[in-house]
Amino acid sequence: MNLAVNNTSLFFAAMLVLVALGISLWQKLGLDKDIIVGVVRAIVQLFTVGYLLKYIFRVDNVWLTLAMMGFIIFNAAWNAKKRGAGIANAFPIALLAIFISTGVTLGVLILSGAIRLIPSQIIPISGMIASNSMVAIGLAFRSLNSQFHDQRQGVLERLALGSDLLDASIAIVREAIRTGMAPTIDSAKTVGLVSLPGMMSGLIFAGVDPVHAIKYQIMVTFMLLSATSLGSIIACYLAYRSFYNAQKQLK
Amino acid sequence: MQAIMTLKQVNYQAENKHILHDINWAIPVGAQVTLTGPSGSGKSTLLRIMAAMISKTSGELVFDGQPIESYDPVLYRRQVSYCFQQPTLFGETVADNVTFPYRIRKQPVDHDHILAALEYVGLGEQTLTQPIVDLSGGERQRVALIRNILFLPRILLLDEVTAGLDEQNREIIHRWLRHLNVDRGVTTIMITHDAQEIAAASTLAKVVAGRLEVQA
């Protein structure tokens, strides 16, 4: 393998952080503190995860693997929730949506034989699925919030005409699902043309034949479509009701 | 006379503001009420409470012999239908709007019934395919009202629906509302500031500073 990065090379690569810091100071962006915090967090979190994963892969215990997946899903839900300010039960909704989207997608990949039931494959793939589902749900939540605000009058009129909550919200719900899925569909269209995504880049780095590496990327494209569509639809269908009260009035 | 709707000691408060005070009102079946009063007096709030769009803070509201709380709000609003001042039309065309009442009731669209309603308010079949952005204010209001009455409600609540319309549009809407009231038995309650409409009222009710005065 041609993997050359080591502590010394990382130390020199840290010059790149100085570029960002320099721009922030020069242009008075006020981002210097955020950049330092971000970099320190990234280093600490990644080192921790690196050693943790090494341990988990070595122990190869089913409960430990499940616990790690649970930790990933929990954190993903917690982050998605932050975009859902104002949505009641945003956390349990995000948790359920990410749990189901990750579970179903992962299940299909395992049953189809695309990935093997070993921690070093299950955990990274779970992380990729959950994080994309998280982003999709976060976008969908934000879209629900802004649409229920901007289209308030239209929703009120549908209610006044005697429409039930789903009929009054369906256009908003559909648009929010679309918003959640859009980045995945857009990136599916440009994959390979603009970016060489992480999965195949990593495999190519590690010396895998690109023709083989792209098959993994194709699998990733499939799985992300499934994850973001499931995550968005579950989250939106569970969340729209929280914009109404028990008397079926718009809050 | 039998009342279709009765309000007893109805109060409404929002954010520490007392908007409606002890409203007592028995609205007879088939009444044609004109509701007036200074802006900000609480007229629209009263109408929205009657439409189950907001809930009273205290008191009783009885519709057709049953307290409002005993109804499913969705089914209630199909019987007590509220029409907004400056309504929003849905979708792209007039057809998207006039088929909406059928869609939400999961019923097949009754084309003839829609055409008859359009014709009654001076709109032809060609209006159906017309984009809503091309409609005049009067046409928009008429299309919006059709959505309220394709399935005839028991009570029609109208919030300044003729405000800002020209004489011709007002006349069309007045004639139509009279027809709904007299021939179809729909109880109508219309908010207005218009002197002519107030002068023509058969029952005039007034909300002043959150209190109701009814003159027969």
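Reader: What makes the contact of Glu157(A) and Arg147(B) a salt bridge?

Author: In this predicted model, the side chains of Glu157(A) and Arg147(B) come to 2.8 Å, N to O. The cut-off is a side-chain nitrogen of Lys or Arg within 4 Å of a carboxyl oxygen of Asp or Glu, so the pair Glu157(A) and Arg147(B) counts as a salt bridge. The count between chain B and chain A is 3 salt bridges.

Reader: How many residues does each chain bring to the contact, and what area is buried?

Author: Chain B gives 23 residues and chain A gives 15 residues. About 1700 Å² is buried between chain B and chain A, with 55% of it on carbon and sulfur atoms.

Reader: Why is Ala200(B) called exposed?

Author: The relative accessible area of Ala200(B) is 61%. Exposed means over 50%, so Ala200(B) is exposed. Ala200(B) lies in the loop between α8 (195–199) and β9 (203–208) of chain B. Its C-alpha atom is 30 Å from that of Glu60(B), 140 residues apart along the chain.

Reader: How is the packing of α3(A) and α4(A) described?

Author: Two packed helices are described by the angle between their axes and the distance between the axes. For α3 (residues 32–59) and α4 (residues 62–82) of chain A, the angle is about 145° and the axes are 8 Å apart. The crossing of α3(A) and α4(A) is left-handed.

Reader: Which residues of α3(A) and α4(A) meet?

Author: Leu52(A), Leu53(A), Tyr55(A), Ile56(A) and Val59(A) of α3(A) meet Leu64(A), Thr65(A) and Met68(A) of α4(A). By class, this contact has 7 nonpolar, 1 polar and no charged residues.

Note on methods:
Residues numbered from 1 in each chain as written. Chains lettered and ligands numbered in written order. Predicted model: local features only at pLDDT ≥ 70, side-chain atom pairs only at ≥ 80, totals over all residues. Heavy atoms only, no water. Helix = DSSP H or I, 4+ residues; strand = E, 2+ residues; numbered from the N terminus. Buried < 20%, exposed > 50% of the residue type's maximum accessible area, 1.4 Å probe, protein only. Axes fitted to C-alpha atoms, helices over the stretch in contact; angles between N-to-C directions. Left-handed = near helix turned anticlockwise from the far one by under 90°. Contact = heavy atoms within 4.5 Å. Nonpolar A, V, L, I, M, F, W, Y, C, P; charged D, E, K, R; others polar. Buried area = accessible area lost by both parts, 1.4 Å probe.
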